Amino acid sequence: MFNSKARIQRQTISKALENICNCDSLLDQVDDKKSDNVFRFFLDGLKKADVVNSKEHEFLTKRRDLRRSQNEELPAGERQMIVRSELISRVQKAKRGIDTLVPENTERLLRRLLSLGEIPIDMLCSIYCACGELSLFSSKLAALNAQAQQPIGENVSGATTNAQGRLLIFDSTFLLMARIQHVFADMRLEELVGGRLHCAFYRWTQRYQKCIEESESMCFVLSSQAGGSSNEDSTDSFRSNFQRNQFQAMRSQKQPFWLAENNDFGNTIETVPLIGELLLEEFSRGSPNSNEINNIFWTFSQMSCLWLCLVQWLDAQQPTIGNTPRQAMARSMREFEIKLQQQKTASEKDNKDNGERLQSLSYSILIARRLLRQIADQRIKKEHPYTWLVGFAQRPLPALPFGRKMSLLRASPEEISEENQRLKEANNYF
């Protein structure tokens with residue numbers, strides 16, 4: 001079809017491609033910049049469009065690969081190019097699967113998205129972004145997150161799921177939306193969740209951002225759904241009971257403080273500030289038992305988004321003089337990361353279910369790693385580069401009299417002095 005419309009002979013196209021293939025310097029520069037075999041992908045596209053046949057494609061590909069092998073400065077070899085090509089195809093296939101998602105495949109697809117290296121979420125989001133459909137993708141995740149939050153036994157598409165499946169959907173979508181927000185920092189939170197302001201991810205993230213913007217510590221607030229009214233007496237009673245029972249079970253038996261069967265995961269997320277406060281008290285009193293602290297961290301493998309929430313809570317806590325407990329807790333969490341990585345390979349071989357939990361927790365750790373390092377090292381976070389520009393753009397300029405420039409030609413010294421002062425104030429304003 002290409003040849004009949006353009007009336008170009010196949011021999012002419014083949015000769016032109018050979019001439020392009022001979023442009024070693026140009027193609028090497030493009031390959032170096034893109035870290036890829038650009039000419040090969042170009043030929044793949046032409047073959048798919050039936051512009052060149054298999055024999056011509058193979059001849060030109062081998063010729064270009066031979067010339068690439070003679071340049072030692074190019075970053076990737078043939079095997080890496082094939083792996084990358086397969087990876088792109090796998091991501092594109094995953095996008096088609098998400099666009100036509102059926103309820104039966106939801107859990108399996110989310111497991112693949114959380115599997116590091118199988119379907120890179122950043123590459124998948126880039127494809128959605130290029131199509132202008134990133135908000136549609138993230139809103140699907142928000143819908144799943146909101147539906148799996150409460151124990152109603154159904155996901156967003158109406159398919160029943162068990163308690164562990166509901167936990168998987170909630171946990172996975174929470175982490176994936178957190179990753180999207182991290183990579184696409186300019187995306188508004190309301191747009192990311194597609195207007196689903198009741199989902200747990202939106203409520204937690206909005207609260208965290210508000211604490212950061214207003215420089216306020218994030219305190220535990222007793223939810224009415226979790227235990228009655230939120231007055232001070234009820235909160236103290238809930239805190240004492242939680243510390244005596246659930247927190248003690250976490251530190252001694254690695255037992256989660258929630259039940260997947262009948263629990264509202266939104267309330268589970270809201271309990272993170274309480275766990276953080278109890279942990280911070282442990283570090284404030286001195287050197288806590290490292291095994292007990294690691295047992296508490298280990299319970300987060302059952303619901304990995306809690307690790308990310310705990311790091312964000314720690315980030316929102318206002319620094320104190322010396323800041324020792326906050327820093328010590330962050331360093332303890334980093335030490336746990338190292339131990340987890342050492343156990344991960346062996347656990348994946350011995351127990352598939354345990355390996356999946358470690359894989360999910362590793363993904364949560366990956367998202368929070370940079371922030372946790374900043375807290376542990378007491379680094380000052382960089383302000384968003386556009387914040388101050390937007391702030392200035394929204395402020396009105398000082399009013400200057402219209403036509404003042406012409407009147408100054410006939411102005412008295414006092415008027416000139418007054419105008420200079422006005423200009424000085426305008427300059428200081430910025």
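Helix 9 passes helix 10 in a left-handed crossing, where left-handed means that the near helix is turned anticlockwise from the far one by less than a right angle, and right-handed that it is turned clockwise. Helices (H or I, at least four residues) and strands (E, at least two) are DSSP runs, numbered from the N terminus. The model is predicted, so that local features need pLDDT of at least 70 and side-chain atom pairs count only at pLDDT 80 or more, while totals for chains, interfaces and linings use all residues. Residues are numbered from 1 along each chain as its sequence is written, and side-chain values use heavy atoms, with hydrogens and water left out.

The axes of helix 9 and helix 10 are 8 Å apart, and the two helices pack at an angle of about 145°. Axes are lines fitted to C-alpha atoms, for helices over the stretch in contact, and angles run from 0 to 180 degrees between N-to-C directions. On the side of helix 9, the residues that meet helix 10 are Phe-137, Ser-138, Leu-141, Ala-142, Leu-144, Asn-145, Ala-148 and Gln-149. Their counterparts in helix 10 are Arg-166, Ile-169, Phe-170, Thr-173, Phe-174, Leu-176, Met-177 and Ile-180. Contact means heavy atoms within 4.5 Å.

Helix 9 (residues 134–149) has 16 residues and should span 22 Å at 1.5 Å a residue; its end C-alpha atoms are 23 Å apart, which agrees. The expected span is 1.5 Å times one less than the number of residues. Helix 9 is mostly covered, with 12 of its 16 residues buried; buried means under 20% relative accessible area, exposed over 50%, and partly exposed in between (1.4 Å probe, protein chains only). Among the buried residues of helix 9 are Leu-134, Ser-139, Ala-143 and Ala-146.

Helix 10 (residues 163–183) is also crossed by helix 7 (residues 106–114), with the axes coming within 10 Å and crossing at roughly 40°. Helix 7 and helix 10 are therefore oblique to each other, given that angles under 35 degrees count as roughly parallel, over 145 as roughly antiparallel, 65 to 115 as roughly perpendicular and the rest as oblique. This crossing of helix 7 and helix 10 is left-handed. Thr-106, Glu-107, Leu-110, Arg-111, Leu-113 and Leu-114 in helix 7 meet residues of helix 10 that include Gly-165, Leu-168, Ser-172 and Leu-175. Ser-360 lies in helix 21 (residues 352–376) and counts as buried at 10% relative accessibility. With neighbours within four places in sequence left aside, Ser-360 is in contact with Leu-114, Asp-171, Leu-175 and Ser-304.

For the chain, the secondary structure comes to 24 helices and zero strands. Of its 430 residues, 40% count as buried. Among contacts in the chain with a separation of 6 or more, 72% are accounted for by residues 24 or more positions apart.

A pair of aromatic rings is described by the distance of the centres and the angle of the planes. Rings of Phe, Tyr and Trp (its six-membered ring) pair if their centres lie within 6.5 Å; planes under 30 degrees apart count as stacked, over 60 as edge-to-face and the rest as tilted. By this rule the count comes to 12 aromatic pairs. The rings of Phe-39 and Phe-42 have centres 6.3 Å apart and planes at 40°, so this pair is tilted. Both residues lie in helix 4 (residues 38–48), three residues apart, about one turn of the helix. Phe-39 counts as buried at 3% relative accessibility, and Phe-42 as partly exposed at 40%.

The aromatic pair of Phe-220 and Phe-238 is stacked, at 5.8 Å centre to centre with 20° between the planes. This pair links distant parts of the chain, 18 residues apart: Phe-220 is in the loop between helix 12 (200–213) and helix 13 (224–227), and Phe-238 is in helix 14 (residues 232–244). Phe-220 counts as buried at 11% relative accessibility, and Phe-238 as partly exposed at 21%. Together with Phe-242, Phe-257 and Trp-258, Phe-220 and Phe-238 form one aromatic cluster.

Most residues other than glycine have a negative phi. Asp-50 has a positive phi, near 60°, and is placed in the loop between helix 4 and helix 5 (54–69). Asp-50 is exposed, with a relative accessible area of 51%. Lys-254 has a phi near 60°, also positive, and is placed in the loop between helix 15 (246–253) and helix 16 (265–270). Lys-254 counts as partly exposed at 40% relative accessibility.
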